[in-house]
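This report walks through one protein model. It starts from a single side chain, then turns to the interface and the cores.

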There are 2 protein chains.
Amino acid sequence: MTPRRPSTDGVLAAATRIAGDVTRTPLLPFEHGGIRLWVKAECLQHGGSFKLRGATNRLLQLSEEEKAKGVVAFSSGNHAQGVAIAARRLGIAATIVMPFDAPRVKREATEAAGARIVPFDRATESREAIGARLAQESGATLVPSFDDVDVIEGQGSVGVEIAEQLGRSPDKVIVPCGGGGLSAGIALALPGTQIVVVEPEGWDDMTRSLAGGEIVPVPEDAPPTRCDALQTKLVSPLTFGTLRDAGARGVAVSEAEIAYAMAWAARNLRLVAEPGGAVALAALLAGKAGPVSGRTVVVISGGNVDPLVYAGIIASQATATVR
Amino acid sequence: MTPRRPSTDGVLAAATRIAGDVTRTPLLPFEHGGIRLWVKAECLQHGGSFKLRGATNRLLQLSEEEKAKGVVAFSSGNHAQGVAIAARRLGIAATIVMPFDAPRVKREATEAAGARIVPFDRATESREAIGARLAQESGATLVPSFDDVDVIEGQGSVGVEIAEQLGRSPDKVIVPCGGGGLSAGIALALPGTQIVVVEPEGWDDMTRSLAGGEIVPVPEDAPPTRCDALQTKLVSPLTFGTLRDAGARGVAVSEAEIAYAMAWAARNLRLVAEPGGAVALAALLAGKAGPVSGRTVVVISGGNVDPLVYAGIIASQATATVR
């Protein structure tokens, strides 16, 4: 049998399925360059990122037998929190494989949601192998962070809400991209809308994959980035294929552009955006996202950032822009 | 003729009047102490505080002749921005009398909205006298920051939205209080709801006025506070009378409790709250707001804070809570 592919119908069904379990995050107007645009503030989601959506959509479709055996996920933090919160709500045991260098704010929040955390070394161990081993040992279900039809369709509920809140489909959505689950889901939710995915410089594998027509990995010598949420080394045929078919294109932003966007969001939107959550706004502010209109939506996908890191970025930007 | 007093009917009419000109800010769920509460995120209002509501309600009711002569307001910042934004939208000239020590972020935003700023020395000059003189010279209409029926009723639209978003009246609303325009408006919007107003320690004149049954001013030797938005030295019979008749009570919070709440909001709500905007959350977190339930609403009234001040508070709280 042909494996199911993520679809617009699937996204619409997911949005209905999870509506009672996720926050309908606000679509807020803001001005930039004399144009009124919109921000979808997914940093205000329960757990601080969109990840609760896909996790909830996946977990709601487990059988009772599967629920009893628990779930396993590997994540640097936001997917971990999404799975942990969804699992707790449904009474499912959750084990999270998490890198040692994950932001403390994310690790603590995942623990607070009642999940068991299995740390690993990002440099020497494969989280996929550990996660698969744990799943095999316990019979637990692995919940992938993006390479999964139900997860992608759950994330797509962001796009469904955008269209409802705007009263029509937007012309363009600018969206952060790690593995591509959120952007692929939004692309399916909003056929006809131009999708611009944004990644940190050096980690722009989806951008290069879309430009070249085939999946290319992040190079081994990729530079460091503050965007822990977007450090995906290889996208999946599901997310890449969906975005390619939707005619999406990608752009990359610098660490300086990301820091500027985080400070801009605090000052002008009064929203806390984490580095990975701010890349789409960074692309807009840097003029890299192409023409915009009153029907352009920027997604801030997460707001989980260690306080000292955050304070440092806000302070450095304030000093840099003293007039 | 008896002067009109603010009323529930007036608040409902104001909410309808201004609906197209203000952001319907989200009511977001959050957990504290195992209870799910709600935050009304008025820091996400256009201009970064609730002040746009009262200003818009006032300005929309000016005659064409009055509009042509412009408006004057005195404000340390949030009311200034509210009046400036509302005036620009309606094509009205705005002059703002603002203390020299107003936060730069507020002064700049007020200028950016096209208002003329007249600075004054908070220690030696009376902003009321300057504002009245300017109004007299130009024939401009003075827009008070809280001692005005239309302004109070406009702020009350916050309460109307809360009831609509919650699907019923809340049991309790915990709300920051400077002159009392916001809290009085909410009290009128939500008869039967317990109103808890929160002020910084030493500046808790509404709290002491409500406890004593008559208006008492802030003492001359009041301590410094980071809450520039709440440095009102004397409340008005309109706001005090409304809150007294509603059975409201007040509490005071310390500067340390306010800083903790600002950091808590950044980390757990991903919202930027300014010191004065965070006092109600501070009272909740400090256990000073009395019993709470799933129908308790905390208002974050503003999010305009100088970046360096904000970064310093976030960093200091992060260091203080390292485990």
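Which side chain does a polar contact of 2.6 Å join to that of A:Thr225? The partner is A:Glu255. A polar contact here is a pair of N or O atoms within 3.5 Å; within protein, one must be able to donate a hydrogen and the other to accept it, and residues adjacent in sequence count only if both atoms are side-chain atoms.

## Basis of the model

This is a predicted model: local features need pLDDT of at least 70, side-chain atom pairs count only at pLDDT 80 or more, and totals for chains, interfaces and linings use all residues. Residues are numbered from 1 along each chain as its sequence is written, chains are lettered from A and ligands numbered from 1 in the order written, and side-chain values use heavy atoms, without hydrogens and water.

## Around A:Thr225

A:Thr225 sits in the loop between α10 (205-212) and α11 (237-245) of chain A. Helices (H or I, at least four residues) and strands (E, at least two) are DSSP runs, numbered from the N terminus. A:Thr225 is buried, at 14% relative accessible area. Buried means under 20%, exposed over 50%, partly exposed in between (1.4 Å probe, protein chains only).

A polar atom of the A:Thr225 side chain also lies 3.0 Å from the backbone nitrogen of A:Cys227. Beyond four places in sequence, A:Thr225 is in contact (heavy atoms within 4.5 Å) with A:Pro200, A:Trp203, A:Gln231 and A:Glu255.

## The A–B interface

Chain A and chain B each give 34 residues to the contact. Together they bury about 2600 Å², 60% of it on carbon and sulfur atoms. Buried area is the accessible area (1.4 Å probe) that two parts lose on being put together, summed over both. A:Leu44, A:Arg267 and A:Arg270 supply 26% of what chain A buries against chain B, more than any other three residues.

Three salt bridges cross the interface. The rule asks for a side-chain nitrogen of Lys or Arg within 4 Å of a carboxyl oxygen of Asp or Glu. B:Arg267 forms a salt bridge with A:Glu108, with the closest N and O atoms 2.6 Å apart. On the side of chain A that touches chain B, α14(A) supplies the largest share, eight residues.

## Nonpolar cores

A nonpolar core is a set of buried Ala, Val, Leu, Ile, Met, Phe, Trp, Tyr and Cys residues joined through side-chain atoms within 4.5 Å. The largest has 84 residues; A:Leu281, A:Tyr310, B:Leu281 and B:Tyr310 touch the most other members. A second, separate core of 33 residues includes A:Trp38 and A:Phe240.
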